[in-house]
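Student: Please show me the model, and then let us work through it by question and answer.

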Amino acid sequence: MASSIETFGLTKRFGSFTALDHLNLKVEGSKCVGFLGPNGAGKTTTLKLLTDMIFPTEGGCRINGVSVQDDRKRALADAGVLIESPEIYPSLTPNEALGMVADLRGLAASDRRDRIRTVLGEVKMSDWADQKVGRMSKGMKQRINIASALVHDPAVLLLDEPSTGLDPRGMAEVRAIVRDLKQSHRLIFMSSHILSEVVDVCDEVALIDKGKLLFYDTLENVTARFANGHSTVDVLLARPITPEDVARRVTPLPSVAGVQQLDPKRLRVRFTGGLDGQEHLVEALVGLHLGVVSVAESESALEEIYLSQISRGD
Amino acid sequence: MASATVDAPAGRLQVPGSMQQVLKLTRYQLREYIRSRRFVALAAIVLVIGAILTAVVAHFRGAVISTNLAYYGTFWGGGVVFVIVLAAVFFGGDAIAGEFQNKTGYFLMGLPMRRATVYVGKFIAAFVASVAMMLLFLAILVGNGAYYFGVNLLPWQIWLSLVLALLYLAAVLGATFLFSSLFKVSAYGFVLTALLFLIGFSLIQDVVTMLVKIEPWMIISYADSTIGEVFSTNVLWGLTGTVTQSTIGMGPHAVTTTTYTAGVGEGIVIMLVYLVVTAAAGLWLFEREEFT
Ligand SMILES: Nc1ncnc2c1ncn2[C@@H]1O[C@H](COP(=O)(O)OP(=O)(O)OP(=O)(O)O)[C@@H](O)[C@H]1O
Ligand SMILES: [Mg+2]
């Protein structure tokens, strides 16, 4: 059976304030879903409802077909959870903390040592395996938290901003871990504020704002739908180019819909025609001998969609 | 390419039964008590209390230890109640609130366990740790008792008294856990337990006795006297208490005080009711507590 996360009419009110408003979402298969939304949108609220840390005012949710509200034990049996950087008992070492998790989760005793060593290796904490967690930095603790969500090799992962507090290398490592998990048929549901991270590892995105789901779709569909058939690339030049040259030589190129000069040596080019359009554009650009040194897909595509969708709600 | 890997075989994970999880959690919690030095700290306090007691007994000798029954009734009966309350405060005062305040509960809540499992696991751990303190205190008393009366004179009542003390401990811990799950700040649980059991309940008991003039059967501390009472020569076993009236002074200025003493059966019932009610209420609360 494919892994799944499902919410139906999931609603949470705190007093008269509605933090989550009738969320209907069905996520299924082996993939990574990015859960986006501004501060206070209701992401953590959703993840806490999904793990029975808080209770819905209305509606409910299921993990792998099991109602979280009716049977948290069975629903969470094959899920790994990391929500809001929890604290591990400070007197424990990573080895002991993960040992406790593995034990309570019922990982066979014979597998425990290997699994713990593996996940501590994955989060690059092997050298700290026997140091007290209480003396660790925030980022180090977060790495242990990630390890403890992975130790039983769960089919479903619920991660709330997993790269919070991590250094750039740590963030890259988290991406690598998530990519690996996807390859081994896991379902990952991950909230994040880092759009480049989402573009990098997620197959699908869900965007919520003020407790309401704005859309849930594949990354390509979202980009295509909101860009009106436009794509964007960032072009880096070896030599500065004047605005006149841009207007005279770049803008008229076939399939170009608009050019924005980010700085004297960087251009953001919007174009039509998908991959074919991009091929023609790059060939034409190189043909101009402007000193093109790189053409990269703009990471801002999702950002633009994000900003346009969020501001619409204001 | 992604399809080259297959799902791990089903059944690689067998989440333990709830009872097993309770015991595992109990073990980890006990380790935590030892790691956090709470265990050692309270053991040191009990040893100090034991030392003071030993000195007092040695100093007054005949006056306070006319018989072995009187000795155990006074020193064990009086002392263990205090040890129990201290243990409850140390091991139970922040058991639930601390999980919220320190955010360690968020770690546990991600695991496939019923909420009751967490509550009961921590309760048993607190109980076991407290029993260790009680036994340490008992050892000191029996040591003294053996010195003055010989080992053969360990009265049989001590075993009954121990059972009553265990029951009282369970009832006090039940209340402590209930207080602890009422708050999300650890300090409140500590303070409320200590205040109520060290001062509050006996104060209420006095008020009920003197002003309302009824038997204070609804107060848990009324039952704790049975722990020492069983050593008395005219012990009451029944389900009802006795009233003693004593008059001080004479004529119009005479003051009559009324003292109620719980029967042993009555004490057991009171303690059982407190245990069941507080445990049920605490569990009910914790089942509904949100980790916001
Ligand atoms: N216990 C609570 N009581 C009252 N309001 C709450 C509570 N918890 C959350 N909220 C409100 O619910 C809304 C959603 O919060 P939530 O933590 O889910 O946001 P988020 O999307 O995770 O934001 P962030 O990106 O900042 O983590 C916020 O407006 C928040 O103020
Ligand atoms: Mg959040």
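Tutor: This is a predicted model, in which local features need pLDDT of at least 70, side-chain atom pairs count only at pLDDT 80 or more, and totals for chains, interfaces and linings use all residues. Residues are numbered from 1 along each chain as its sequence is written, chains are lettered from A and ligands numbered from 1 in the order in which they are written, and side-chain values use heavy atoms, with hydrogens and water left out.

Student: In which helix is B:T26 placed?

Tutor: Helices (H or I, at least four residues) and strands (E, at least two) are DSSP runs, numbered from the N terminus. B:T26 falls within residues 18-35 of chain B, and that helix is α1.

Student: Is B:T26 buried or exposed?

Tutor: Buried means under 20% relative accessible area, exposed over 50%, and partly exposed in between (1.4 Å probe, protein chains only). B:T26 has a relative accessible area of 6%. So B:T26 is buried.

Student: Which backbone oxygen lies 3.1 Å from a polar atom of the side chain of B:T26?

Tutor: Contact means heavy atoms within 4.5 Å. Leaving aside neighbours within four places in sequence, B:T26 is in contact with B:G121, B:I124 and B:A125. The backbone oxygen at 3.1 Å from the side chain of B:T26 belongs to B:G121.

Student: Why is the site of ligand 1 shared between chains?

Tutor: A residue is near a molecule or strand if one of its heavy atoms lies within 4 Å of it. Of the 14 residues around ligand 1, A:G40, A:K43, A:T44, A:T45 and A:H193 come nearest. The site is shared because the residues that surround ligand 1 come from chains A and B.

Student: How far does a polar side-chain atom of A:H193 lie from an oxygen atom of ligand 1?

Tutor: A polar contact is a pair of N or O atoms within 3.5 Å; within protein, one must be able to donate a hydrogen and the other to accept it, and residues adjacent in sequence count only if both atoms are side-chain atoms. For A:N39, the distance from a polar side-chain atom to an oxygen atom of ligand 1 is 2.9 Å. For A:E161 it is 3.3 Å. For A:H193 it is 2.6 Å.

Student: Which element gives the largest share of the shell around ligand 1?

Tutor: The elements giving two or more residues to this shell are β2 (17-28) and α1 (43-50) of chain A. The largest share is three residues, and it comes from α1(A).

Student: How many residues does chain B bring to the contact with chain A?

Tutor: Chain A brings 40 residues. The count for chain B is 42 residues.

Student: Where is A:D52 placed, and what is its phi?

Tutor: A:D52 sits in the loop between α1 and β4 (58-63) of chain A. Most residues other than glycine have a negative phi. A:D52 is not a glycine, yet its phi is positive, at about 65°.

Student: Is B:R37 buried or exposed?

Tutor: B:R37 also has a positive phi, about 65°, although it is not a glycine. It is found in the loop between α1 and α2 (38-60) of chain B. With a relative accessible area of 62%, B:R37 is exposed.

Student: What separates the C-alpha atoms of A:V256 and A:F271?

Tutor: A:V256 lies in strand β12 (residues 256-263) of chain A. A:V256 counts as buried, at 16% relative accessibility. A:F271 is 15 residues away along the chain, and the C-alpha separation is 4.2 Å.
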